[in-house]
Amino acid sequence: MLEFLAKYLYLVLIIIAFFMMLYFLGGEDIVYFRKKKYNYDIKGEEKLIKALNRFAKIRSFTVLGKTTIAYGEKEYTFDGILLCYFGTIAFSVDGHGGEIYGSDGEEKWTQIFEEKKSKIQNPVSAMNGAERLFREIYRTEKAKFGQIETMVVYTNDYCSVAVPKSLPVCHVKDLVKKLESKKYLADNGADIDAMKAAIEKYSK
């Protein structure tokens, strides 16, 4: 028993010595001791769909992944679409990190990442016209659609967004809670199967 404890203690001491060596040789640059900050989250779409599926799976709602819809001369690409009795919610992912400032009327928003200021596209205005697109294809296909909304979802863990509360913006960590509100759980008579069929008909 004593021999086993001695070997175990010896192994623990070796591990501690190894990490101390890394720390003193590399200082603050050793990645083992800090969380890396990313300027852009490349896994944003994956996080969005995971959150939507978590919300939809117990409610018989439908989640569509990245979808491009073309109708007439209009074409929009969405990172995710939720079809429920409320209607349709189309999502756009924004993976920018750092501090983000903007308003609805600005063409460009401001991003500050590690003290560097940049101008980025206003993600909300980029969705302008999407609601009308859905209405047109639903009416063409005679699908009961309830209400239609668009939403921008931020996914970067290192992200602080300062925009008016009236804008359809939220972080992926808060998405499920937001969708569980009475507004989105309301039954507006939307036909999920008919909406899905209409979207698939005009998807590229």
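Biologist: OK, contact means heavy atoms within 4.5 Å. With that in hand, which residues does Cys-159 touch, leaving out residues up to four places away in sequence?

Modeller: In this predicted model, Cys-159 touches His-96, Gly-97, Gly-98, Ile-100 and Tyr-154, with residues up to four places away in sequence not counted.

Biologist: And where is Cys-159 found?

Modeller: Cys-159 is in strand 10, which covers residues 159–162.

Biologist: Let me back up. What is the mean pLDDT of the protein?

Modeller: The mean is 88, and 82% of the residues reach 70 or more. Over residues 25–35, though, the pLDDT is below 50, and that stretch has eight contacts in the model beyond near neighbours in sequence. Where pLDDT is low, the predicted coordinates should not be read in detail.

Biologist: Noted! Now pockets: how much space lies in the largest pocket?

Modeller: About 280 Å³. The largest pocket is lined by 19 residues, and the closest to its centre are Leu-167, Pro-168, Val-169, Cys-170 and Lys-178.

Biologist: Which strand gives the most to that lining?

Modeller: Strand 9 does, with four residues. Among the other elements that supply at least two residues each are strand 10, strand 11 (169–171), helix 4 (172–179) and helix 5 (182–185).

Biologist: How do the residues of the lining divide into nonpolar, polar and charged?

Modeller: Eleven are nonpolar, three are polar and five are charged.

Biologist: New topic, the strands. How many bridges join strand 7 to strand 8?

Modeller: Six, and the two strands run antiparallel. Trp-109 stands opposite Ile-120 in strand 8, and Lys-108 stands opposite Gln-121 there.

Biologist: What lies between those two strands?

Modeller: Strand 7 and strand 8 form a hairpin with two residues between them, and Glu-114 in the turn has a positive phi of about 50°.

Biologist: And in what sense does strand 6 pair with strand 7?

Modeller: Antiparallel, over three bridges, with strand 6 at residues 98–101 and strand 7 at residues 108–113. Glu-99 has Ile-112 in strand 7 as its bridge partner. A hairpin through six residues joins strand 6 to strand 7.

Biologist: Last one: how many aromatic pairs are there in the whole structure?

Modeller: A search finds nine. One of them is the pair of Phe-78 and Phe-134, which is tilted, at 5.1 Å centre to centre and 35° between the planes.

Biologist: Which parts does that pair tie together?

Modeller: Phe-78 belongs to strand 3 (residues 74–78) and Phe-134 to helix 3 (residues 130–140), so the pair ties together parts that are 56 residues apart in sequence.

Key. Residues are numbered from 1 along each chain as its sequence is written. This is a predicted model: local features need pLDDT of at least 70, side-chain atom pairs count only at pLDDT 80 or more; totals for chains, interfaces and linings use all residues. Side-chain values use heavy atoms; hydrogens and water are left out. pLDDT is the predictor's confidence in each residue, from 0 to 100. On a 1 Å grid over the protein atoms alone, a cavity is a set of points where a 1.4 Å probe fits but cannot get out, and a pocket is an open set with protein on both sides within 12 Å along at least five of seven lines; lining residues have an atom within 4 Å of a point. Grid points are joined across faces, edges and corners, and a volume is the space filled by probe spheres set on the points. Ala, Val, Leu, Ile, Met, Phe, Trp, Tyr, Cys and Pro count as nonpolar, Asp, Glu, Lys and Arg as charged, and the others, Gly among them, as polar. Two strands pair if DSSP finds at least two bridges between them. Rings of Phe, Tyr and Trp (its six-membered ring) pair if their centres lie within 6.5 Å; planes under 30 degrees apart count as stacked, over 60 as edge-to-face and the rest as tilted.
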